[in-house]
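Please walk through this protein with the structure open beside the text. The paragraphs below take its features in turn.

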Amino acid sequence: MSTRSIRPAKITKVLADSIASEIGFEPGDAIISINGQPPRDLIDYQFLCADEILELKVLDSRGKVHQIEIEKDYDDDLGLEFETALFDGLIQCNNRCPFCFIDQQPPGKRETLYLKDDDYRLSFLYGSYLTLTNLPQREWERIAQMRLSPLYVSVHATEPDVRIRLLKNARAGDILKQLQWFQENRLQIHAQVVVCPGINDGQHLEKTLQDLTQFTRGEIPTVASVAVVPVGLTRFRPVEDELIPVTPEKAAEVIAQVQTIQEKLQQKQRKNSVWLADEWFLIARQELPPTSHYEDYPQIGNGVGSIRKFLQEFETAIAKFPNSRQTPRKFTWVVGNAVEVAFRPVVQRLNQISGLTVEMVPLCSQYWGQTISVTGLLTGQDLLESLKGKDLGDGILLPSVMLKHEDTLFLDDMSVGELSAQLNVPILPVTDVEELISMALSD
């Protein structure tokens, strides 16, 4: 059992027609224990709820404690959602990586923006990356016992001195021993390598990828995939850091280096396991690989193949929609200028629909001090400064990747409502290709 303080698991939503709804659970209630054990997190909750008979100790929203017994099939879900996935608090990061995005934000924003998580549970549940530098033995034992696989690991470098330099943590040099532990326990990871020019590129990147590909063999490879990602820098980063931005020349060099490794993997293992993020090709101004290159998109969360996947999904989706609309409409579609060239075919196809005009506005982020920006880093301030006073038509089609998860706030804390009021135009967040098309065609 962890020594961390476990709070009752506060319920925020009770799904309709669920077991919990029938019993009478309400938002604001909290689960203290299941079969006598307080759940540390959503992982414990799901594991404990797999029993067919549950004895729940529940604290209701009025402060009264109830004992509830439930009989169900082992795979029946209770139908509850919680305030957080971690009932004993966040395991925070103990590294001081100079490229950490948290440290590259301006001061004075809401407190949650500065929380540095390095929590293996969030990695297992949601695919967030961790470094493995802060785990006591009991947590390693729990990972093995509960088969928490795959995890997502920020490797960056396998040479101990290089990784220690990057993470500024003496414990960072154990990464190869830790990979061997995953191998011995038959557990998997997905790895990422953030390339910082002058630190872990060149021969260091070569060594890192050679080491990682030793773990990509077999029916259940220890390292399921590796994403190679360019470092992202903002104007708010600490002035004393040693980082330099990725140039088009450096991007072309890394592409050539990694593609050589990919070719060798295809020859030896009949499959690829090392992937280049789309940003490399955008920075180098090179053509993206074809859709077939990305196999089953194992590193889509790291921007590996996301553009090709978007274009492919667009071609499939657009065929389902009519080729005209009754009421003429004009929309502004805001994207990061990194994808401007790649998304031109989308705009051209949308503008072939009779009665529809879509103007793509590619922006860089003055807020972060970038000349080339991905869409997800654009802020409300960027949009306000670039779009104020312009004819924006009947609304702005806003990729929801710019907004905090399940929120209406941009990364600079401006809300969608505030921006809409200042630009005097409706803002229509869109989460995927089909929503982009349907928003553009709806009256």
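The charged end of R121 sits over the ring of Y120, 6.0 Å from the ring centre. The model is a predicted one. R121 belongs to helix α3, which covers residues 120–126. Is R121 buried or exposed? R121 counts as buried because its relative accessible area is 0%, and the cut-off for buried is under 20%. The side chain of R121 also reaches the backbone oxygen of G89, at 3.0 Å. A second case of a charge over a ring is K309, which lies over the face of Y297 at 5.8 Å from the ring centre.

The structure holds 11 aromatic pairs. In one of them, the ring centres of Y45 and F82 are 4.8 Å apart and the planes meet at 75°, so this pair is edge-to-face. Y45 is in helix α2 (residues 42–48) and F82 is in strand β5 (residues 80–82), so the pair ties together parts that are 37 residues apart in sequence. Y45 counts as buried because its relative accessibility is 4%, and F82 counts as buried because its value is 13%. Another edge-to-face pair is made by W140 and F182, with 6.0 Å from centre to centre and 70° between the planes. W140 is part of helix α4 (residues 137–145) and F182 is part of helix α6 (residues 175–184), so this pair ties together parts that are 42 residues apart in sequence. Both W140 and F182 are buried. Y45 and F82 also belong to one aromatic cluster with F87.

The largest nonpolar core has 92 residues, and V228, W280, W333, F343 and L350 have the most contacts inside it. A second, separate core has 22 residues, among them A9, I11, L78 and L122. Which residues does V228 touch, leaving aside its neighbours within four places in sequence? They are V193, V195, L205, L209, V254, V258, V274, W275, L276, A277 and W280.

V254 and V258, two of those contacts of V228, are also among the buried residues of helix α8. Helix α8 runs over residues 248–269 and has 22 residues. From its first C-alpha to its last it reaches 31 Å, close to the 32 Å expected at 1.5 Å a residue. The buried residues of α8 are K250, A251, V254, I255, Q257, V258, I261, Q262 and L265. An α-helix has 3.6 residues a turn, so residues three or four places apart point the same way. What do the buried residues of α8 pack against? They pack against α7 (202–213), β8 (223–230), β9 (274–276) and α9 (278–284).

The last topic is the backbone. Most residues other than glycine have a negative phi, and most peptide bonds are trans. Just after α8, R270 takes a positive phi of about 65°, although R270 is not a glycine. R270 lies in the loop between α8 and β9 and counts as exposed because its relative accessibility is 73%. N424 is another residue other than glycine with a positive phi, near 55°. N424 is placed in the loop between α13 (416–423) and β13 (427–430), and N424 counts as exposed because its relative accessible area is 72%. A cis peptide bond joins S149 and P150, with omega at about 0°. P150 lies in the loop between α4 and β6 (151–154).

Note on methods. Residues numbered from 1 in each chain as written. Predicted model: local features only at pLDDT ≥ 70, side-chain atom pairs only at ≥ 80, totals over all residues. Heavy atoms only, no water. Core = buried A, V, L, I, M, F, W, Y, C linked by side-chain atoms within 4.5 Å. Buried < 20%, exposed > 50% of the residue type's maximum accessible area, 1.4 Å probe, protein only. Contact = heavy atoms within 4.5 Å. Helix = DSSP H or I, 4+ residues; strand = E, 2+ residues; numbered from the N terminus. Polar contact = N/O pair within 3.5 Å; in protein donor to acceptor, adjacent residues only side chain to side chain. Expected span 1.5 Å × (residues − 1). Phe/Tyr/Trp six-rings, centres within 6.5 Å; stacked < 30°, edge-to-face > 60°. Lys NZ or Arg CZ within 6 Å of the ring centre and 35° of its normal.
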